[in-house]
Amino acid sequence: MQTIDVLVIGAGPAGTVAASYLVKQGYKVSILEKEKFPRFQIGESLLPCCMEYLDESGLLEAVIPKGFQKKTGAAFMRGEKRCEFYFSEQYTKGWTWTWQVKRADFDLTLAEATRAKGVDVLFECEVISVQCSPDRQIVEYKDPEGALHVIESKFIIDSSGYGRVLPRLFDLSKPSAFTPRGAVFSHLEDINRTEDASNNIFVHSFDNNRSWIWAIPFSDGSTSVGIVGDQEKIVELTENNGEKYKEFIQNFADLKGRFKESKLKFEPKNILGYSIGVKQMFGEGFVLSGNSTEFLDPIFSSGVTFATASGLLSAKMTHKHLQGEAVDWKTDYEDVIQKGIDVFRSYVSGWYNGDFQTIVFAKEIDLDFKNQICSVLAGYVWDQSNPFVKKHDTILGTLAKVIRMKEREV
Ligand SMILES: Cc1cc2nc3c(=O)[nH]c(=O)nc-3n(C[C@H](O)[C@H](O)[C@H](O)COP(=O)(O)OP(=O)(O)OC[C@H]3O[C@@H](n4cnc5c(N)ncnc54)[C@H](O)[C@@H]3O)c2cc1C
């Protein structure tokens, strides 16, 4: 039986960031990844804050030469109203840009760079069962030929994303408090795109704040377009080989001409009921990171940022643990990650209950407030000096109330 220091489950952003950090510390690390890469994954618009984690794990330099589409901001629209955020105009001093990526290429780049650093990355190897104890973890996996193998490690980082390997095996999942929603998406040719349209994610709100549509341009001239809303509507829009989906896009002024004649790169795919929580993010011999923990909602593109943030922090704590230092997993890991998730939870709630939209679509918006909100949208949700982080649970509601009163008076 092969014995290693750390076994990472999943070669998405959470897993590769964790593995890269640990191999740099001198550990023997393997990743077991169910799929053959490159593989499609949703989650294409990154946030500037994730550049910090890619950098610290040593993966950023492998991504830079790939020439992914630079992203410098986000534009929100509702009917005729429009509000643009530029990451260069934000409160927290941090990254002012990031990328929009086809995850097949991005994740392959991360996985290859991780392997080049000395991590054994095994594709098409699906984890089937796990037995955990304080210092000996036994993992059974199936190889591409269907043969079963066993690997032993001192510690496990579960970064299996939507696969949720340990939450499923150890009954750790917990339902989300958000209304279940779904998304339907594809990539389209985008030959009519303007330069301004390239650097941003575009989000249109419709259906009384219940639904929205994204446009995420890529560097190869194609664009990801996705519709988020009630699950029944999403299932309906997926039908008919993409005809209903393409027709629906024509309802939005600046997408109408742009995609009228565009060919779909693949038939629309959908994903339903993706919001999920977790009872705890760690246990004897293991820690969860990325989407294996909690996934809220795609509206603010926070998934990869949380995957890389939690991937890196889980690796740092694992390093401490393997050095024989006492780790308070609750305080030093779970509570830290949870704090960031809770900030975004307030903004996701504010998006669907209308408070966030009242603020960004107000006739006037205080520039300091806008810059502080911009830092949240850039992913800097651990910056407690930002009032829009610190008072996240009340500030949107209070400000929206003031704006509504003011706009009624005018
Ligand atoms: C509709 C929608 C839109 C989104 N848009 C965005 C966005 O614009 N920006 C953003 O940042 N995020 C977005 N997200 C979220 C994003 O998809 C995830 O947060 C992100 O991919 C999480 O990364 P991860 O590394 O945790 O997991 P993943 O990227 O899912 O990687 C996990 C890996 O684990 C592997 N795995 C699973 N089971 C097993 C097993 N049994 N054995 C071995 N390997 C296994 C999988 O094959 C996979 O490769 C969106 C989500 C949804 C639902």
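This is a predicted model: local features need pLDDT of at least 70, side-chain atom pairs count only at pLDDT 80 or more; totals for chains, interfaces and linings use all residues.
**Entry 1: the ligand**

Residues are numbered from 1 along each chain as its sequence is written.

Back to the ligand. I found 38 residues around it, and those that come nearest are Gly12, Gly161, Gly163, Gly290 and Gly303. Here a residue is near a molecule if its C-beta atom, placed from the backbone, lies within 6 Å of it. Helix 10 gives the largest share of the shell, 4 residues. I sorted the shell by class and got 17 nonpolar, 16 polar and 5 charged residues. In this sorting Ala, Val, Leu, Ile, Met, Phe, Trp, Tyr, Cys and Pro are nonpolar, Asp, Glu, Lys and Arg are charged, and the others, Gly among them, are polar.

**Entry 2: the domains**

Next I checked the domain assignment, which gives domain 1 (2-71 + 99-175 + 275-340), domain 2 (181-272) and domain 3 (354-409). Such bounds come from an automatic or database domain assignment.

I then turned to domain 1 and domain 3, whose centres, taken over C-alpha atoms, are 33 Å apart. Their contact takes 9 residues from domain 1 and 6 residues from domain 3. On the domain 1 side, these residues divide into 5 nonpolar, 3 polar and 1 charged. I count two residues as in contact if their C-beta atoms, placed from the backbone, lie within 7 Å.

**Entry 3: the whole chain**

I stepped back to look at the protein chain, which has 15 helices and 19 strands. Its C-alpha atoms fill a box of roughly 70 × 45 × 40 Å along the principal axes. How does the radius of gyration agree with that of a compact globule? With 410 residues such a globule would have a value near 22 Å, and the protein chain has 21 Å, which agrees. The radius is taken over C-alpha atoms, and the globule rule is 2.2 Å times the number of residues to the power 0.38.

I also noted that 49% of the 410 residues count as buried. A residue is buried if 20 or more other C-beta atoms lie within 10 Å of its own, exposed if 12 or fewer, and partly exposed in between, with C-beta atoms placed from the backbone.

The largest nonpolar core has 117 residues, and Val8, Ala18, Leu22 and Val376 have the most contacts inside it. Helix 11 (residues 329-353) gives the most to this core, with 9 residues. A nonpolar core is a set of buried Ala, Val, Leu, Ile, Met, Phe, Trp, Tyr and Cys residues joined through C-beta atoms within 7 Å.

I followed Val376, one of the buried residues of helix 13 (residues 367-377). Beyond residues up to four places away in sequence, Val376 touches Val343, Tyr347, Val381, Phe388 and Val389. The buried residues of helix 13 pack against strand 4 (73-78), strand 5 (81-86), helix 11 and helix 14 (387-390). After helix 13 comes Gly379, with a positive phi near 100°.

In helix 11 I stopped at Ser346. Is Ser346 buried or exposed? It counts as buried, with 22 C-beta neighbours inside 10 Å. Leaving aside neighbours within four places in sequence, Ser346 is in contact with His392, Asp393 and Leu396.

Most residues other than glycine have a negative phi, and most peptide bonds are trans. I went looking for exceptions.

- A cis peptide bond, with omega about 0°, joins Phe37 and Pro38. Pro38 lies in the loop between strand 2 (29-32) and helix 2 (50-56).
- Asn208 has a positive phi of about 55°. I found Asn208 in the loop between strand 13 (200-206) and strand 14 (211-217), and it is exposed, with 9 other C-beta atoms within 10 Å.
- Asn240 has a positive phi near 70°. This residue sits in the loop between helix 7 (231-238) and helix 8 (243-249), and Asn240 counts as partly exposed, with 13 C-beta neighbours inside 10 Å.

Note on methods: Helices (H or I, at least four residues) and strands (E, at least two) are DSSP runs, numbered from the N terminus.
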